[in-house]
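Please look over the sequence and the structure below. The paragraphs after them go through a few of the elements in turn.

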Amino acid sequence: MKFKTASILVFILFLSLSCSKANKDLYFKKEPKRELVEFVNPLMGTDSKYSLSNGNTYPAIATPWAMNFWTPMTSKMGDGWTYKYNENKIRGIKQTHQPSPWINDYGAFSLMAVTGKLKFEENERESWFSHKAEVVKPYYYKVYLADYDVVVEVAPTERAASFKFTFPKSETSYILLDAFFKGSMVKILPNERKIIGYCRNNSGGVPSNFHNYFVIEFDKDFEITNTWGDDWKLQENQLSSEGKHVGAIIGFKTKKGEVVHANVASSFISLEQAELNLSREIGKNSFDEIKQKAKESWENELNKIKISDSNTDNIKTFYSCLYRVLLFPRKFYEYNEKNEVVHYSPYNGKVLPGYMFTDNGFWDTFRAVYPFFNMMYPDLNSKIMSGLANTYKESGWLPEWASPGHRNCMIGSNSTPIISDAFLKGNIDSSEAEILFEAILKNATIEEGRPMESVGREGLNYYTKLGYVPYNVDINENVARTLEYAYADFTLAKMAEKLGKKEIATKYYKQSMNYKNVFDTSTNLMRGKNEDGSFQSPFNPLKWGDAFTEGNSLHYTWSVFHDVQGLIDLMGGNENFIKQLDTVFEMPPLFDDSYYGGTIHEIREMQIVNMGNYAHGNQPIQHMIYLYNYAKAPYKTQEKIREVLTKLYSATPDGYCGDEDNGQTSAWYVFSALGFYPVTPGVDQYVIGSPLFDEAVLSLENGKTFTIKSNNNSSKNYYIQSTSLNGKKYSPNYIRYSDIQNGGEFIFNLDENPNKNWGSQSNDVPYSLSLEKKND
C-alpha cells in the first residue's frame with residue numbers, strides 16, 4: 001500500500017511538472033514578440049547641461065529623417081537645452097528642427113494647454129509634470145500637465161502631427177499657439193476651426209525670406225479667440241497678429257474627459273504647401289492611426305538589424321542608439337501638388353526641384369553615420385548625395401555644417417570623404433558624380449570667396465604652398481586642419497582614380513601624405529609648426545584647443561585614417577606605436593585648458609570616466625581603439641571595445657559620455673556592437689573589434705542578409721579565438737564591404753583569454769596607403 005501510494009504521488013508530481021512545463025511553453029508561445037521600437041528610450045542622453053553633456057539630446061518624437069520633430073519644452077524659448085531631464089515643468093510641445101544645442105533651433109513653434117485662469121506667457125503657463133506620468137516613444141509622446149489636469153498626446157508624421165488633448169471639466173479650457181520670437185504671424189479662422197501663420201525664428205543659416213508656415217486644424221468650435229502681440233500683450237477677440245513675437249489662443253468649455261484633437265502641418269515653401277502636407281499626411285486618419293503608422297515606420301527601420309541576446313539592457317542601448325542614427329540628416333524637401341520633389345533652398349531662398357537634406361555636421365558624421373548609410377541605406381544616401389549636389393549648385397559650395405543653410409561651425413573638408421565613400425560604393429548617380437567631384441575639387445583648390453570659415457578649407461593657400469597650415473599665422477586649430485585636409489585629399493584621389501582622372505589622383509595621393517609635415521619625431525606626436533618650418537614651442541601635448549579642435553595632441557595624433565602604417569613607421573614601429581596607444585589609456589586624465597580660459601564640457605567628460613586621456617565623448621579619438629589592429633595587436637582592441645560599449649553607454653538619461661552629435665556617437669556604438677567599425681571611409685574595409693551580441697542579422701537593401709554570430713560570448717568572453725566567413729576560416733582583422741553586401745554568415749569564436757596570434761600576421765592588417773604603394 002505504501003509503495004502504491006508513493007508511486008501515485010510520484011506520478012502526480014511528474015504530471016504536475018509536465019503540465020507546468022507545458023503551460024510554460026504555451027505561455028511563451030502565446031507571449032507576443034516584443035516590438036523593437038519598444039526597446040528605444042528617446043530620453044537617453046537628456047540628463048545634460050551646458051557644463052556636462054551626457055548626450056545633449058532631447059526626446060525627438062518623429063519618424064525617421066523627418067522634416068519636423070516634436071519635443072516637450074522644459075526650458076525657455078531659445079534655450080538650446082530645450083528639454084532637461086532633471087527639470088520639472090513643461091512650457092509647451094514644440095515643433096523643432098534643432099540638430100544640437102550648440103547650433104540651436106529654427107522654424108520652431110509650440111502648442112500648450114491650460115485651464116481656468118488664462119496664462120499664456122511662457123513663465124506663467126508652465127506646468128509641473130513627472131516622468132512617472134510621461135510616456136516617451138519615438139512615435140508617441142504623452143504627458144500629464146498637473147497644474148491644469150490635462151493630458152497631452154502627440155503622434156508624428158514626416159511633415160505633420162496629430163495632437164490629442166484630454167481636458168477636465170472646466171468653464172475655460174485653452175490651447176495656446178506660441179509662434180515664437182524673431183518674427184511671427186498668426187491668424188485664427190473660427191469658421192474653419194483653424195489657426196494659420198508662420199514663424200521666422202532661426203539661429204543663422206537662412207536667407208532673408210525664410211519662413212516656416214503652419215496650419216492647425218481642430219475638431220471643436222472655438223468659443224474664445226484671442227491673440228497676443230509683442231511684449232506678451234493680450235489682444236482679446238482679435239483674430240490675427242503679426243510682429244516680433246506673437247501667438248494665438250483658442251478656448252472653450254469642456255466636460256470631464258473631453259478630448260480635443262488638433263492636426264498640424266508645416267512647410268518651408270508656403271501656407272498652401274502646409275495645407276497640402278496636412279491633407280496628404282493626416283487627411284482623415286484618426287490619432288490612433290497616425291500613431292500606428294509612425295510606430296510602423298520605426299519598426300520597419302529597426303527590424304533591418306535584428307539582435308539576439310540575453311542581455312536586455314544591451315539590446316535597449318543598441319536600439320536607442322540606432323534610433324538616433326536614423327534621425328539626421330533631416331529631409332528638407334516636400335512634395336508639390338504634382339507630387340514632385342521640391343525644396344525651399346536655405347542657400348538662395350528659391351523653391352527648386354530636387355532633394356535637400358540638412359541639420360548635419362560632417363566633422364562628426366563622416367566617421368560612422370554615412371558609412372552606416374552606405375552599408376544599410378544606399379538608396380537614402382544616394383538621395384542625400386543628390387541634395388549635396390543641389391547645395392553646391394545653389395550656394396557655390398558644399399556644406400560642412402548645415403542648419404538649415406551654411407553655419408560657421410567646426411573645421412575640415414569632410415564633405416569630401418562623405419561624397420567619395422558614397423561614390424566608391426556605387427551610391428551616387430552617374431549624372432551627379434561629375435558635379436560633386438567638381439565641388440570637392442573646388443574645396444581643395446580655391447580659398448577665396450567662401451561664405452564663411454567653416455566652408456571649404458580655411459588656410460588652404462598655406463596648406464598648398466607649405467604642405468601644412470602654419471601655427472603662427474592666426475589660423476586656429478591648424479594641426480587639426482592639416483590632418484583633416486590630408487585625409488580629404490586621399491579620398492579625393494580615390495574618387496579621381498575611379499573617374500579616370502589619373503593626374504589629379506596622383507597629385508592628391510601625394511598631398512595626402514602632408515600629415516607627416518606636422519609630426520614631431522622628438523615626441524612621436526603631432527605638433528604645431530610655424531611658417532618658417534620650426535615647431536611651435538613650448539609644446540604641451542595635454543593642451544586642448546590651440547592647434548587642435550576640441551582635443552589635444554594625444555587625441556589628434558591618430559587622425560591619419562588613410563595611412564596608419566605610415567604613422568606606425570613615423571613612430572618607429574609597432575612596439576612604439578602600441579606603447580603610445582597604451583599611454584593614452586594608462587595615464588591620469590590630465591589636461592591643460594588655458595586656451596579656453598576654463599574647463600569646457602568635453603574636457604570634463606574625459607576626466608570623469610576613468611579611462612585616462614581617452615576622450616570618447618568627442619569624435620577625434622573615437623576610431624583610436626581600432627588602431628591596435630594595424631600594429632598586429634587586435635586583442636587590445638577587443639578588450640577596450642567591450643569596456644567602452646558596456647561602461648560608457650546605456651539606455652538611460654545619462655547614457656552617453658559626451659555629445660551624441662547627429663548620430664555619430666550612436667553610430668560608433670551600433671557598428672562596434674556588431675563587431676566592426678569603418679576606420680577609413682573611402683576604402684572597402686571595416687576593422688574588426690569584438691561583437692557585443694550573440695547574433696545580429698542585417699537585412700540589406702539588396703535583399704540579402706548578413707548574419708553575425710558570436711559563439712561562447714559573455715561579459716568575460718570577448719577575445720577572438722578564430723573567425724570564419726561563410727564556413728571558411730578567416731584570418732584578416734578586417735572585413736570587406738563587399739563581403740557584407742554579398743550576404744552570408746560571419747562567425748566569431750570568443751573566449752576569456754586573448755589569442756594573440758589571431759589577425760596578427762602581415763597579411764591580416766587593414767588598408768594603409770603606404771602599404772598599397774609599397775605593394776605597387
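In which strand is Ile305 found? Ile305 lies in strand 19, residues 305–308; helices (H or I, at least four residues) and strands (E, at least two) are DSSP runs, numbered from the N terminus. This is a predicted model, in which local features need pLDDT of at least 70 and side-chain atom pairs count only at pLDDT 80 or more, while totals for chains, interfaces and linings use all residues. Residues are numbered from 1 along each chain as its sequence is written, and side-chain values use heavy atoms, with hydrogens and water left out.

Ile305 counts as buried because its relative accessibility is 1%; buried means under 20% relative accessible area, exposed over 50%, and partly exposed in between (1.4 Å probe, protein chains only). Not counting residues up to four places away in sequence, Ile305 touches Leu36, Phe318, Tyr319, Phe372, Met376, Leu674, Val697 and Leu698, where contact means heavy atoms within 4.5 Å.

Among these partners, Phe318 and Leu674 also take part in the contact of helix 5 with helix 19. Two packed helices are described by the angle between their axes and the distance between the axes. The axes of helix 5 (residues 312–325) and helix 19 (residues 664–674) come within 8 Å and cross at roughly 130 degrees. Helix 5 is therefore oblique to helix 19; angles under 35 degrees count as roughly parallel, over 145 as roughly antiparallel, 65 to 115 as roughly perpendicular and the rest as oblique. Axes here are lines fitted to C-alpha atoms, for helices over the stretch in contact, and angles run from 0 to 180 degrees between N-to-C directions. On the helix 5 side, the contact includes Asn314, Thr317 and Cys321, and on the helix 19 side, it includes Ser666, Tyr669 and Ala673. The contact residues of this pair divide into nine nonpolar, three polar and one charged. Ala, Val, Leu, Ile, Met, Phe, Trp, Tyr, Cys and Pro count as nonpolar, Asp, Glu, Lys and Arg as charged, and the others, Gly among them, as polar.

Helix 19 also meets helix 18 (residues 634–647), with axes that come within 10 Å and cross at roughly 130 degrees. Helix 18 and helix 19 are therefore oblique to each other. Ile641, Val644 and Leu645 in helix 18 meet Trp668, Tyr669, Ser672 and Ala673 in helix 19. Six of these residues are nonpolar, one is polar and none is charged.

Helix 8 (residues 378–395) is mostly covered, with 13 of its 18 residues buried. Just after helix 8, Gly396 has a positive phi of about 85 degrees.
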